[in-house]
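Here's a short tour of the model you have on screen. Grab your viewer and follow along, section by section.

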Amino acid sequence: MYKPVIGLTPGHNTDTQDAFLRPTYLQALTAAGAIPVMLPLEPDSDDYGQMAEAFDGFLFTGGPDVQPLLFGEETHERCGNASSKRDAMELALLSQVMAAKKPVFGICRGIQLINIGLGGTIYQDISSQYYGCAEKKPDFPLAHTQPYDYEIPSHTVILDAQSRLAAVCGCSSLKVNSMHHQAVKDLAPGLTACANALDGLIEALEMPGYPWLLAVQWHPEYLWKHDKAASLLFKNFVNACLVRH
Ligand SMILES: [Mn+2]
């Protein structure tokens, strides 16, 4: 039986220049019935169109912060490390992948990258820019950078009942892990928020009318072994890639 081949965007260690991928993404996609492949960090600029055609789907993985000048902002004092090579590669790839209407899954940095690539903005730092703003300061600040193991969920997200995400997961709320200090702020045109944390922050996005685009702020690749919804998310993505083949 044909298995969908899925391209994953690579991590970039800016100290050693290594391109790498955490095995959790590969394990989750393999278990869901796909063949995962790490994409090059520095493809030839002429090759993005061919790369978009060559794979059945694309996973935009977690990682460091996106360079703020790329979404029209100065660099906030609480912004973290960025990789110009990775930013350029992922933004160019996203454009070609979406032109080819291939399935797109985003995780953590992936949700931010997709929102930025399509014209949205992000909070460069949740605690100072979202919690720090008086009108948005919640009574109960959440640990979006959770203080314990990634396999343990740390906060709740409420799903939009009409969303693809709710249909895929078959429930109205999820317990998710959380390892981010940035978050989606203004949505890009065409995207809808389909999950919010109890403090109001956007935790998932999708694109109605597009064949398959879902992005989550949490890390289902650390949850799928024990969490049905996380496992269904990967399986639904892989099935969407299979249908397109
Ligand atoms: Mn969170």
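## Ground rules

A residue is called buried if 20 or more other C-beta atoms lie within 10 Å of its own, exposed if 12 or fewer do, and partly exposed in between, with C-beta atoms placed from the backbone. Helices (H or I, at least four residues) and strands (E, at least two) are DSSP runs, numbered from the N terminus.

Two bits of housekeeping. Residue numbers start from 1 along each chain as its sequence is written. This is a predicted model, where local features need pLDDT of at least 70 and side-chain atom pairs count only at pLDDT 80 or more, while totals for chains, interfaces and linings use all residues.

## The whole chain

DSSP gives the protein chain 7 helices and 13 strands. Its C-alpha trace spans about 50 × 40 × 35 Å along the principal axes. The radius of gyration of the protein chain is 17 Å, which agrees with the value near 18 Å that a compact globule of 245 residues would have. That radius is taken over C-alpha atoms, and the globule rule is 2.2 Å times the number of residues to the power 0.38.

Of the 245 residues in the protein chain, 44% are buried. Call two residues in contact if their C-beta atoms, placed from the backbone, lie within 7 Å. Among contacts in the protein chain between residues at least 6 apart in sequence, 69% then join residues at least 24 apart.

Start with α1, residues 23–31, where the buried residues are T24, Y25, A28 and L29. Looking down the axis of α1, those buried residues fall within an arc of 125 degrees, so they line one face of the helix. The arc is that of the directions from the helix axis to the C-beta atoms. The background is simple geometry: an α-helix has 3.6 residues a turn, so residues three or four places apart point the same way.

Now look at α4, residues 109–117, where 9 of its 9 residues are buried. The buried residues of α4 include R109, Q112 and N115, along with I111, L113, I114 and I116.

## Positive phi without glycine

Most residues other than glycine have a negative phi, and most peptide bonds are trans. Two residues here are worth a click on that account. K101 has a phi near 60 degrees, a positive value, and is not a glycine. K101 lies in the loop between α3 and β6, and counts as partly exposed because it has 13 C-beta neighbours inside 10 Å.

C108 isn't a glycine either, and its phi is positive at about 55 degrees. You'll find C108 in the loop between β6 and α4. With 23 other C-beta atoms within 10 Å, C108 is buried.

## Strands around β5

Strands count as paired if DSSP finds at least two bridges between them. β5 pairs with β1 (residues 5–8) in the parallel sense over 3 bridges, and L8 has L59 as its bridge partner in β5. β5 also runs parallel to β6, joined by 3 bridges, with F60 opposite G106 in β6. From β5 the chain crosses through α3 to β6, and this β-α-β crossover is right-handed; that is, with the strands pointing away from the viewer, the path from the first strand over the helix to the second runs clockwise.

G57 and L59 point one way from β5, F58 and F60 point the other way, and all are buried. Past β5, in the loop between β5 and α3, sits V66. V66 counts as buried, with 24 C-beta neighbours inside 10 Å. Leaving aside neighbours within four places in sequence, V66 is in contact with F71, A82, D87, Q112, L113 and I116.

## An antiparallel set

Strand β11 (residues 192–197) runs antiparallel to β8 (residues 155–159), with 3 bridges joining them. The bridge partner of I158 in β11 is N196.

β11 also pairs with β12 (residues 202–206) in the antiparallel sense, over 4 bridges, and A193 stands opposite L205 in β12. β11 and β12 form a hairpin with 4 residues between them, and G200 in the turn has a positive phi of about 100 degrees.
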